[in-house]
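Please look at the sequence and the 3D structure below, and then work through the questions and answers that follow.

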Amino acid sequence: MAFYGVELSSRLLLGTARYPSPAILAEAIKASWAEVVTVSLRREAGPERAGQSFWTLIRETGLKVLPNTAGCHTVKEAVTTAHMARELFDTKWIKLEVIRDDDTLQPDVFGLVEAARVLCEDGFDVFPYTTEDLAVADRLVEAGCRVLMPWGAPIGSARGLNNVYGLKALRAHFPDIPLVVDAGLGVPSHATAAMELGYDAVLLNTAVAEAGDPVEMARAFALAIDAGRRAFLARPMEPRDMAQPSTPVVGRAVLG
Amino acid sequence: MRIFVNGEQREIEAGTLAVALDGLGFTGRKIATAVNGRFVPATQRPATRLADGDKVEIVAPMQGG
């Protein structure tokens, strides 16, 4: 699997927020086998240098960094944030978020497409956080996106895949674009389900960070994603309405 | 001269963004900057003169999902 020409063997992208401590974050990253971690940019407040120590921790992992534009509500904010991220993290990768609704954190898909166009033209590798809407996805690809990241459910909601039909349609429509389910997963079986649909990867944060044991949950997700991927490649059987005996009927002893 | 740094009002000597950042203690720190909503690359900080009322944003790497 490759994102913008970068080959990756792990199909889990891990967020770095909301962990109980920096040490647990570092352990969870290791346990997840992730090769990409997401980060953000926030105002650097005063002398405590929180940002500097966080950056030291991330740099020591040696992993690829995917900065986001979380919290941006306008095209201008998102584009400016992307430029700051490109300089700060020395990467063309940007997880593009343009949020419209604060209750659901639903993307403003109109602003998203516009910001994606501006950033793709400016040489960014854009990872758009979008809905499962096929027409919007088509516009994003037209704008230059070569990865799509539809939500499973609203960020942090742990609801899993809200619209399996829509996600399936997206997979069928874009066989050659890497598709990542981003957001809304709660338990490893949700991630397995996404991978069984043929999705290329999963991006997680809260489900790991807010688990009772984030390190153990990180490993559980890693294994679940691997299981789902293997199942997809193994071509699952089709469901049937009626039972079909698995044990051979022929040769059954007559006993009654 | 009065400017806003990350939303807080600050009094600084008139000058460039680079000088202001030094004065505010950001020397050597991993940050990115914007003035009045426009990104200012590190290389342009010495040539970016601040004006009264400018809004300076200074961001650093932070946890994110």
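Q: Which residue forms a salt bridge with A:Arg43?
A: This is a predicted model, in which local features need pLDDT of at least 70 and side-chain atom pairs count only at pLDDT 80 or more, while totals for chains, interfaces and linings use all residues. Residues are numbered from 1 along each chain as its sequence is written, chains are lettered from A and ligands numbered from 1 in the order in which they are written, and side-chain values use heavy atoms, with hydrogens and water left out. A salt bridge is a side-chain nitrogen of Lys or Arg within 4 Å of a carboxyl oxygen of Asp or Glu. Here the closest N and O atoms are 2.8 Å apart, and the partner of A:Arg43 is B:Glu57.

Q: Which strand of chain B gives the largest share of the side that touches chain A?
A: Strands here are DSSP runs of E with at least two residues, numbered from the N terminus. In chain B, β3 (32-35), β4 (38-40) and β5 (55-63) each supply at least two residues of the side that touches chain A. The largest share, 7 residues, comes from β5(B).

Q: How many residues of chain A are in contact with chain B?
A: Contact means that heavy atoms lie within 4.5 Å. On the side of chain B, 26 residues take part, and in chain A the number is 28.

Q: What is the area buried between chain B and chain A?
A: Buried area is the accessible area (1.4 Å probe) that two parts lose on being put together, summed over both. Carbon and sulfur atoms give 56% of the area between these two chains, which is about 2,400 Å² in total.

Q: Which residue of β5(B) stands opposite A:Val39?
A: Two strands pair if DSSP finds at least two bridges between them. Strand β4 of chain A (residues 36-43) and β5(B) pair in the antiparallel sense, over 5 bridges. In β5(B), the residue opposite A:Val39 is B:Gln63.

Note on methods:
Helices (H or I, at least four residues) and strands (E, at least two) are DSSP runs, numbered from the N terminus.
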